[in-house]
Amino acid sequence: MKKRILSSVITTLLASHASVSFANDKNIERLTVSASPFEQKLSDTANSVFIVSAKDLEIQKAVARNLSEIISNVVPGFSPSTETMSTFGQNFRGGKAIVMIDGVLVSTTLRAGGRDLQSISVDAIESIEVIKGASALYGNGEAGAIINVITKKASSEISFTTRVGAEAFMDELSDTGYSFSQTISGRSKSDVGFLINLAGKDRGNLYDANGDRLPGAPNSQGGMGNADEYDVLVKLDKEFEDSSFAFLAHHYNIENKLQYARIVNHENGLVAIDTSKPFEGTNPGTKLTTVQFTYQHQDLFGQELSLSAYKSKVDIDYEAGSRITSERAGIKAALQWRINELSRLVYGVEFATDNTEQASQRDVITGTDDAGNDILVSQKVCSICDITETKLSPFVQYWQQVTDQLTIQAGLRYENFDIEVPDYNRYMRKTKTLVAKEGDTIDFDKPLINFGLVYSLSDSSELFASYSQGYSHGDMRMLRDMPVDTVAEFADEIPATSTKYYETGLRFNDNALRASVAVFYSDVKDGYAYDYNVKANNGKKVAGMIVADENIWGYELTIDYDINEQLTFGGAISQSEGQRRNELTDTEYWMNSAKITPVKVSAYANYQFNENGAIRLQANYVGDRDKLSPRGEDGYNFYESPYDGYTLVDLVANLDTEFGHFSFGVDNLLNEDYQPLVSQMNKEVYLPAYRYQFSGYGRRVVLEYSVNY
């Protein structure tokens, strides 16, 4: 089977003709990655890495509404935007993306809330690192990638930046959204660095290519229409002779203010608003608060020390009244020993706790009255109840420069986490009663290794190859529908997912030309997926999920080329594909659209008129995918409908003047009438009530002005 898969990868690669750059820096050696406790050179990294710079962010924020859309626009391998609050269906290389802000995990791993990338204002971000695969330093489970969001840093001198903006759809210019941000940054007389960033947005309503108003939330996951958000970031730092201290406090809040109920237009199958019926329910929203302390010492008994401690809380609200609350705390201690000029060792330990609950109000039958009628009482009922995860993971990573050209790395991480589930009551929707379930502690542990090498072909090019292992538990929402009476009986039905991850590629970065190519393959044991393929009904179906082995493979190519000092062209192509295996019948079938994205191609042209003005035209194409057959004449299983591709074109112009900086963007310049991929997953599902299709955004214009003083 593996030979057939690798052959498929090679054949697909040979058929490809485009690529895009992994970064815009002119020299590989100068690029660094900071997601680990200590910064490391890109040339020491045996994984694919994509760095979204401050310049990239400045361009993309003019045509993207949030972090999810920005990453989708510029990073190969990441699924297209869902155009909602949720990241459901957005993956890297068929796997989950773990999101961190300044190295602190914000993904709700015990209960996947789908709001990981709706957790910070773009105005608070300095850059973004996307690191594919796994290693001992990151401990990102079976994730397809780590997204590490790096917040703005204090400037060397006191400065102020004010930014204001407005956005509206061309067919409804009167329905305008506004944005504002203020940054104060600098250093005090006692050399304490400080930064305060305040950002807020009052978003307008959304419209499609035909000028029709879209629902504020096209599905129950929450949307970006009429959504208000604000973000507060405070940072302090102090450098001493051989040590440094840093403090971060961050709070983010977004609320999707819904006005009308949704209905389905039966003529075209699209979700629309019902202006005759006001929305009744809870406004979807997310609140995230994080406090982090970091201490570094450059010479502790001849080694470098990094200590980081954090505490965070996230609340995720859904319109049905359900709320996920996750409270986390952790500490990461690491030492770096530079053994000599050719070798170094990083080792340490990570300890973290996570207490998560999801609850909502339910009508529960508590008894009968004198007339024999049921007594209904509304009470708080949890889907997952006060679950606590305790994680203790020691790790070690070693680098050795074998020759002037060859560097190898090897690492070991011992993943060890316990999930304590208390006794709880399962809510039975049909009978509106509660059934007692007995809790227990679920233990997971496994040693994980990784190995990689980087071979320098020249000052501007290098080959890399890596093998890494991942290990993580599934979404604990499965406890909500646990069919047995005790967690102890159920533990074997929810095993941890183990991943073997292989990647090889080439990076090239020399003057006018920057390019990269990567090929990857994942061997996944006990992968979780929303999988309704009838051939996969193998006895492990839990809460709409099937646990099965997976094989995922694909490629990514990138290129940027400077025609001259004014004109630059670039593009990218990426594709992943995957299959799952039915253990009972030993048959394989294609993975569905909840995890696999069709081929994605991006291209751009950037023209710099002079040092003050530039214009960029970019296009993103998503291909078709039709891998699975209908279950019968009534339609497809869930998440198995075929995809219809689409192309979106954006225009961005920037101008620096003595009065400040102006940015103008047109999103969906050609006013393409399309449906986002997440809308198409169930467009032909056999149950029409669950199709929930919705149109994408129409042509939108954005104008921003900023001034530094």
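What volume does the largest cavity have? About 260 Å³. The model is predicted: local features need pLDDT of at least 70, side-chain atom pairs count only at pLDDT 80 or more, and totals for chains, interfaces and linings use all residues. Residues are numbered from 1 along each chain as its sequence is written, and side-chain values use heavy atoms, without hydrogens and water.

**View 1. An open sheet of five strands.** The strand order is E3-E6-E7-E4-E5, with mixed pairing. Strands are DSSP runs of E, at least two residues, numbered from the N terminus; two strands pair if DSSP finds at least two bridges between them. E3 (49-52) and E5 (104-105) stand at the edges with a single partner strand each, so one side of each has no neighbour in the sheet.

**View 2. The pairing of E3 with E6.** Strand E6 covers residues 125-132 and pairs with E3 in the antiparallel sense, over four bridges. Phe50 stands opposite Val130 in E6.

**View 3. Helix H3 on the sheet.** H3 (residues 67-74) lies across E3, E6 and E7 (145-151). Helix H3 runs at about 55° to E6. Helices are DSSP runs of H or I, at least four residues.

**View 4. The largest cavity.** A cavity is a set of points on a 1 Å grid over the protein atoms alone where a 1.4 Å probe fits but cannot get out; lining residues have an atom within 4 Å of a point. Of 18 lining residues, Ser72, Asn73, Ser81, Glu83 and Leu648 are the closest to the centre. H3, E32 (613-622) and E33 (646-657) each supply at least two lining residues.

Note on methods
Contact means heavy atoms within 4.5 Å. Axes are lines fitted to C-alpha atoms, for helices over the stretch in contact, and angles run from 0 to 180 degrees between N-to-C directions. On a 1 Å grid over the protein atoms alone, a cavity is a set of points where a 1.4 Å probe fits but cannot get out, and a pocket is an open set with protein on both sides within 12 Å along at least five of seven lines; lining residues have an atom within 4 Å of a point. Grid points are joined across faces, edges and corners, and a volume is the space filled by probe spheres set on the points.
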